[in-house]
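The sequence and the model come first, and the description follows.

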Amino acid sequence: MRFFFFHLMPYAPLDPDYDKIHRSSWVTLPNDYYDPELGAELYNRYLDELEYAAELGFEGIGVNEHHQNAYGLMPCPNVFAGMLARRIPATAKIAILGRALPVLANPLSVAEEFAVLDNVTRGRIITGFVRGIGAEYHSLAVNPTESHARFHEAHDLIVQAWTKPGPFTFEGKYYHFPHVNLWPRVYQEPHPPIWIPSQGSRETIEFAAAPDRRYVYLQTAAPAATLFRTMQGYRDEALRQGYQSSPDQLGWSIKIYVAETDEAARREARPHIESFANKFLRMPQEMLLPPGYTSLASMKGLINSRKTITGGYRTMEQMLEQGTFICGSPQTVIELLAEYQRRGGFNLVMAGLHFGTLPHELTRKNLELFAREVMPALKGAVPGEVPRVAAA
Amino acid sequence: MKEEFITINGCRIFLQRGGEGPPLLWLHGAGGGGRWTPALQRLARRFDVIAPEHPGFGRSDTPAWFDNIHDVAYCVLDLLRALDLRGVHMVGASLGGWVAAEAAVRSTDRLASLTLIGPAGLHMKGVPRPDTFLWTDEEATRALFHDQSLADAMLAVEPDEAEQDRRLKNRFATARLAWAPRWFDPHLEKWLHRIDVPTLVAWGAEDRYLPQVYAAHWGGRIPGSEVHVFPDCGHSPQSEKMDAFCTLLEDFTARIGR
């Protein structure tokens, strides 16, 4: 099993009573809830935590992109990758998961930024492409009905910019460039790895698993049952397209907390994981699912199920039960991860070892226990024959 | 009233048509068409009322060319040609008013008059507007009316699955046209002077979608247009003040003698 540490950088000092007045910590939460003095402290603390993880021996560290919210304070993940690039040991990678292509004005500048990072780190970056969540389309005033089409076109433009000799012409519907000619070229051959974080739509799995792509599919924010189905879906899609996928093409992004005992772990994690689920992730359906963000059929299913992150209060016990959170002593966490790997068949773990309001001391302790007790025990663990489930 | 499909530029358009008299083209708003409303029933006593569903909406197709409001406007002009209509009274409400204005700046050849009911399409800097895409269904319905008993009545009706599907489709189509720039076309206002047929602008004084100040703004941009504001009325004078609205429209078309 291969381990990365992933940070969301929430605005932890958020007044938890904001939701008595406001519907969401996204889009319209007034920014006078943000205190620049506290924010400055927080950014530096979070960067310290990422750097510390790199020193502790994680294969890499991960950042991502969200806009205009208290949930994640990284609107510009490549800036964060740039701040980290020359501070961490040369053994560690930086995973930028990912750039929200459709909501960005110019995808060619994304290709450029990644190329710069790839050169400076001598090929230690992993790139990621996402569509952004629904709220991003409200925040950046980008038409959600164009989301899929823009994503695919921007992706094609970036990969071509990395791999085709320039200058060349790119002729798309949304992006049209007479001169694509990247300076610098990318460092890694043929291009930096591309990971696709997703909540598990059929279209995304097919896109990532295609034989000419074979992108890492990273399951995010889903119960274990969904994880098993999407992992199966990816393997099936690969076989359908004529090849056997590797467990290194499959990853899971999961929040984890380790402490000395199960009891201590639950006691220490509870308020912070519940703040993550109920305060920072709070979003009405209109924000989460703008019209056109998914196909009509998918949207109908999502609205009907209403089992989205917009539901009622979620307790830690519910999250543990669902497998959206792993918590316990090192031994418990080792056993759970091994079991999830046995059933999911993935080899990559994007460990969210900070969440919600988790303080610095507990985050450091979590990182240390995970790196020293959990990671070594699972280093050699690889999935065997995966029990079959109905694919997503 | 009869219902039929007509194919325009490869797109099947659902059409309701009824009544006798001069042709009146009714262009529905973001909530969708395909309903033979009391206003249409009454207007059909004096007019040949033709009410299509826009491309992307309701029972009409969503063609590959459905990208923006201009595509809908050209489709309307093609529809007038396909039906070989002349001397048309074109009436559009809200999003449909925006479509009507976009069509009229392109060509008034087949028009006798233009009526815009609380149309979207323009933007006045500094005038606050709600973010309709953040409203819940209930909020959107309540905001339609000044008289909340009308909203209560509408909310009391549980839509069947086909109607729910059409509403979702209408939301998608509306987002495609109106998400960004939000509910307007920055290139429309500069050509409104091209509209050279008698024009009526109707507005509800208590419109919570598009504030009433827009009525005078439209009136000032379309040469010779008349502006009428209905007191105690929300975004849909054609339903909230149905009789008064229809009388206004009938008098207007009679007065211009076409």
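A contact here means heavy atoms within 4.5 Å. In chain B, residues 24 or more positions apart account for 75% of the contacts with a separation of 6 or more. For chain A, among contacts between residues at least 6 apart in sequence, 75% join residues at least 24 apart. The model behind these values is predicted.

**The two chains**

The secondary structure of chain A consists of 13 helices and eleven strands. Its radius of gyration is 20 Å, close to the 21 Å that the globule rule gives for 392 residues, so chain A is as compact as a globular protein of that length. Chain B has nine helices and eight strands. For its 258 residues a compact globule would have a radius of gyration near 18 Å, and the 17 Å of chain B agrees with that.

| Chain | Span of the C-alpha trace |
|---|---|
| Chain A | about 60 × 50 × 45 Å |
| Chain B | about 40 × 35 × 35 Å |

Of the 392 residues in chain A, 59% are buried; in chain B, buried residues make up 56% of the 258. Chain A exposes about 16100 Å², and carbon and sulfur atoms supply 52% of this area. Chain B has an accessible surface of about 10700 Å², of which 50% belongs to carbon and sulfur atoms.

Chain B has 28 positive and 34 negative side chains, with the centres of the two sets 5 Å apart.

**Aromatic pairs**

Over all chains, the structure holds 27 aromatic pairs. One of them joins F114(A) and W162(A), whose ring centres are 6.1 Å apart and whose planes stand at 70°, so the pair is edge-to-face. F114(A) belongs to helix 3 (residues 107-120) of chain A and W162(A) to helix 5 (residues 147-163), so the pair ties together parts that are 48 residues apart in sequence. Both F114(A) and W162(A) are buried.

Another pair is formed by Y137(A) and Y293(A): the ring centres are 5.6 Å apart and the planes are at 65°, so this pair is edge-to-face. Y137(A) lies in helix 4 (residues 134-139) of chain A, while Y293(A) lies in the loop between helix 9 (285-288) and helix 10 (296-305), so the pair ties together parts that are 156 residues apart in sequence. Y137(A) and Y293(A) are buried.

Ring pairs also link F3(A), F5(A), F58(A) and F370(A) into a cluster.

M350(A) sits in strand 11 (residues 348-352) of chain A. Is M350(A) buried or exposed? A residue counts as buried under 20% relative accessible area. M350(A) has a relative accessible area of 1%, so M350(A) is buried.

Which residues does M350(A) touch, not counting those up to four places away in sequence? They are F4(A), F6(A), A95(A), L97(A), W195(A), L218(A), W252(A), S253(A) and I254(A). As for F4(A), its C-alpha atom is separated by 4.8 Å from that of M350(A), although the two residues are 346 residues apart along the chain.

Methods: Residues are numbered from 1 along each chain as its sequence is written. Chains are lettered from A and ligands numbered from 1 in the order in which they are written. This is a predicted model: local features need pLDDT of at least 70, side-chain atom pairs count only at pLDDT 80 or more; totals for chains, interfaces and linings use all residues. Side-chain values use heavy atoms; hydrogens and water are left out. Helices (H or I, at least four residues) and strands (E, at least two) are DSSP runs, numbered from the N terminus. The radius of gyration is taken over C-alpha atoms; the globule rule is 2.2 Å times the number of residues to the power 0.38. Buried means under 20% relative accessible area, exposed over 50%, partly exposed in between (1.4 Å probe, protein chains only). Accessible areas come from the Shrake-Rupley method with a 1.4 Å probe; for residues, only the protein chains shown count as cover. Rings of Phe, Tyr and Trp (its six-membered ring) pair if their centres lie within 6.5 Å; planes under 30 degrees apart count as stacked, over 60 as edge-to-face and the rest as tilted. Lys and Arg count as positive and Asp and Glu as negative; His and the chain ends are not counted. The place of a charge is taken as NZ of Lys, CZ of Arg, CG of Asp or CD of Glu.
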